[in-house]
Amino acid sequence: MKEDLLLRWLTTDPEAYDRMVGDHQMAAYVATIDAPLLAACQGRVLELACGTGRLLRLLDARPEVQQVVGLDIAPRMLAAAAARGHRLLVQASAEALPFSAGRFDTILCAVYTLRDLERSKVYTEVARVLRPGGILAFTLRSYYTAYLETLWREFLRQGRRPRSWRHLDGADGVERDLKDVKAEVAALKRAGLRLREISSVRFLPFLRRWIRPGYWHGGMGAFFGSDVIFVAEKAYSLISGSL
Ligand SMILES: C[S@@+](CC[C@H](N)C(=O)[O-])C[C@H]1O[C@@H](n2cnc3c(N)ncnc32)[C@H](O)[C@@H]1O
C-alpha cells in the first residue's frame, strides 16, 4: 500500500468516518454492496479492514456466523470498534495476515477498500488462512462508472473540465478502480482462489432514477454497474497418488 494512502487511514477521525457512512444516501449505497457479502458469510469469519466495526455488528447478528474477527491497520479505527463492544480485533495489514493456515471459513472485505491495497499479496494471504472450500467475498468499484460520475461531479464543482483526465484533478482515486475483470479473476486464480460468482450493483451513469434497484449477474455488468461483487472459493488441493 502506498504511504500517502496509509497515512490517510492512520489519521482518519473514526467519528467523521462514521458520520460519512451514516449519511442517509451513503448508508443506502453501502447497504446495497454489503448485502451480497453478508449473505456469503458463515462459520469463522474474518473481516479485512473492518474500520470502526460497522459490519462486525451485522455479522455478529447472523446465526450462520460462529465467530467474527476484525482486522484493520489503523489503531484509532480499531479503538472505535472496541468501544462498540467488539473483542476479537487485530491490528495488522491485510497484506500480511497474522493467522495460521486454514483458520477461517469466510473472509470478506467491504466497500472498495481492496482497491488501495496490493491485491495479489492480499489474495495470497487470504488463500493461506482460508480452509479449503472457504470463501472470499469482496467488492471493487467499477472504473468506467466511477470515472463518469467523478468527472461529472468535479465538473459541477469546479465549473470547468479537469486539468488531468487521468486523475481528474486528484479526485477520489478513481484511477485505481477496477478496469479489467478478467485480470482480477486471473490474479485470484494465481493465488489459489476460484471465482464462484460475480455480480454488480445495477446502475447507469446519469440514468439512476430509471434503473430498478438490484444486481446484474456475470462479468458484463462490470462495465455499467457501480460496484462489482466477487465471491471466490479456495480450491481444494489434489494430492496425487492418494487414491
Ligand atoms: C473504507 S474503510 C472501510 C471500513 C469498514 N470495512 C466499513 O465497511 O465501514 C477502509 C479501512 O481500511 C483500513 N485499511 C487501510 N489499509 C489497510 C491495510 N493495509 N490493512 C488493513 N486495513 C487497512 C483503514 O484503516 C480503514 O479502516
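## Close-up views of a predicted model

**View 1. Helices α6 and α8.** Helix α6 (residues 119–129) and helix α8 (residues 181–191) cross at roughly 40°, and their axes come within 8 Å. Axes are lines fitted to C-alpha atoms, for helices over the stretch in contact; angles run from 0 to 180 degrees between N-to-C directions. Helices are DSSP runs (H or I, at least four residues), numbered from the N terminus. Angles under 35 degrees count as roughly parallel, over 145 as roughly antiparallel, 65 to 115 as roughly perpendicular, and the rest as oblique. The crossing of α6 past α8 is right-handed (the near helix is turned clockwise from the far one by less than a right angle). On α6, the contact residues are Arg 119, Ser 120, Tyr 123, Thr 124 and Ala 127. On α8, they are Ala 187, Leu 188 and Ala 191. Residues are in contact if their C-beta atoms, placed from the backbone, lie within 7 Å. The contact of α6 with α8 has five nonpolar, two polar and one charged residues. Ala, Val, Leu, Ile, Met, Phe, Trp, Tyr, Cys and Pro count as nonpolar; Asp, Glu, Lys and Arg as charged; the others, Gly among them, as polar.

The model is predicted: local features need pLDDT of at least 70, side-chain atom pairs count only at pLDDT 80 or more, and totals for chains, interfaces and linings use all residues. Residues are numbered from 1 along each chain as its sequence is written.

**View 2. Helices α2 and α3.** Helix α2 (residues 14–22) packs on helix α3 (residues 24–39) at about 80°, with the axes 5 Å apart. That angle makes α2 roughly perpendicular to α3. Met 20, Val 21 and Gly 22 of α2 meet Met 26, Ala 27 and Val 30 of α3. This contact has five nonpolar, one polar and no charged residues.

**View 3. The ligand shell.** Around the ligand are 19 residues; Trp 9, Ala 49, Gly 51, Ala 74 and Ala 110 come nearest. A residue is near if its C-beta atom, placed from the backbone, lies within 6 Å of the molecule. The shell divides into 13 nonpolar, three polar and three charged residues.

**View 4. The two domains.** The domain assignment gives domain 1 (3–141 + 178–234) and domain 2 (143–173). Such bounds come from an automatic or database assignment. The C-alpha centres of domain 1 and domain 2 lie 25 Å apart. Nine residues of domain 1 contact six residues of domain 2. The domain 1 side has five nonpolar, two polar and two charged residues.

How values were computed. Helices (H or I, at least four residues) and strands (E, at least two) are DSSP runs, numbered from the N terminus. Two residues are in contact if their C-beta atoms, placed from the backbone, lie within 7 Å.
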